[in-house]
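User: I've got a model open here and would like to talk through how its parts pack together. Can you take a look with me?

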Amino acid sequence: MEIIQTSKAPAAIGPYSQGMAVNNLVFTSGQIPLRPDGEMMEGGVREQTHQVFANLQAVLEQAGSSLEQVVKATVFIKDMNDFSEINDVYGEYFHTHKPARSCVEVARLPKDALIEIECVALTK
């Protein structure tokens with residue numbers, strides 16, 4: 001088991017790690033739209049979704065993986081009315097490779113984010 005830590009994604013804001021690698025799998029913690037400096041990404045759900053993907057890419061890269069290796073993603077959104085916009089951005093990152101996915105509307109996310117995504121991926 002290996003703890004995944006990178007300065008290219010925001011530090012954990014609680015008692016957890018950015019990710020964990022176990023055997024040939026990497027499990028990312030949920031990424032919210034914090035920039036690597038710990039400040040919240042300004043803008044709406046599109047901008048926040050792009051920042052979440054930047055964070056996921058950084059964590060996966062540190063673990064020796066990539067978005068193309070993701071087998072399962074879980075998307076948490078504050079408002080299901082944003083689903084279409086989120087789906088558009090999501091499709092920019094998963095346009096040919098389409099991992100399994102769940103999407104859940106939640107009452108509230110850390111730092112009042114509009115979106116959070118976690119994933120499980122294979123390591124290369």
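User: Which residues in α1 are buried?

Analyst: Keep in mind that this is a predicted model. A residue counts as buried when its relative accessible area is under 20%. In α1, the ones that count as buried are Val 45, Gln 48, Thr 49, Gln 51, Val 52, Phe 53, Asn 55, Leu 56, Ala 58, Val 59 and Leu 60.

User: What do the buried residues of α1 pack against?

Analyst: Both strands and a helix come up here. The buried residues of α1 pack against the strands β1 (2–4), β2 (19–22), β3 (25–28), β4 (70–77) and β6, and against the helix α2.

User: At roughly what angle do the axes of α1 and α2 cross?

Analyst: Two packed helices are described by the angle between their axes and the distance between the axes. Here α1 covers residues 45–62 and α2 covers residues 83–93, and their axes come within 9 Å. The crossing is right-handed. As for the angle, the axes cross at roughly 35°.

User: Which residues of α2 make that contact with α1?

Analyst: On the α1 side you'll find Val 45, Arg 46, Thr 49, His 50, Phe 53 and Gln 57. By class, the contact has six nonpolar, three polar and four charged residues. The α2 side is made up of Glu 85, Ile 86, Asp 88, Val 89, Tyr 90, Glu 92 and Tyr 93.

User: Why does Thr 49 count as buried?

Analyst: Thr 49 sits in helix α1. The cut-off for buried is under 20% relative accessible area. Thr 49 counts as buried because its relative accessibility is 0%.

User: How far is the backbone oxygen of Val 45 from a polar atom of the Thr 49 side chain?

Analyst: An α-helix has 3.6 residues a turn, so residues three or four places apart point the same way. Val 45 and Thr 49 are both among the buried residues of α1. The backbone oxygen of Val 45 and a polar atom of the Thr 49 side chain lie apart by 2.7 Å.

User: Which residues does Ala 113 touch, not counting those up to four places away in sequence?

Analyst: Ala 113 is in the loop between β5 (100–105) and β6 (115–122). Ala 113 counts as buried because its relative accessibility is 0%. The residues Ala 113 touches are Ile 32, Pro 33, Met 40, Gln 48 and Lys 78.

Definitions and conventions: Residues numbered from 1 in each chain as written. Predicted model: local features only at pLDDT ≥ 70, side-chain atom pairs only at ≥ 80, totals over all residues. Heavy atoms only, no water. Axes fitted to C-alpha atoms, helices over the stretch in contact; angles between N-to-C directions. Helix = DSSP H or I, 4+ residues; strand = E, 2+ residues; numbered from the N terminus. Left-handed = near helix turned anticlockwise from the far one by under 90°. Contact = heavy atoms within 4.5 Å. Nonpolar A, V, L, I, M, F, W, Y, C, P; charged D, E, K, R; others polar. Buried < 20%, exposed > 50% of the residue type's maximum accessible area, 1.4 Å probe, protein only. Polar contact = N/O pair within 3.5 Å; in protein donor to acceptor, adjacent residues only side chain to side chain.
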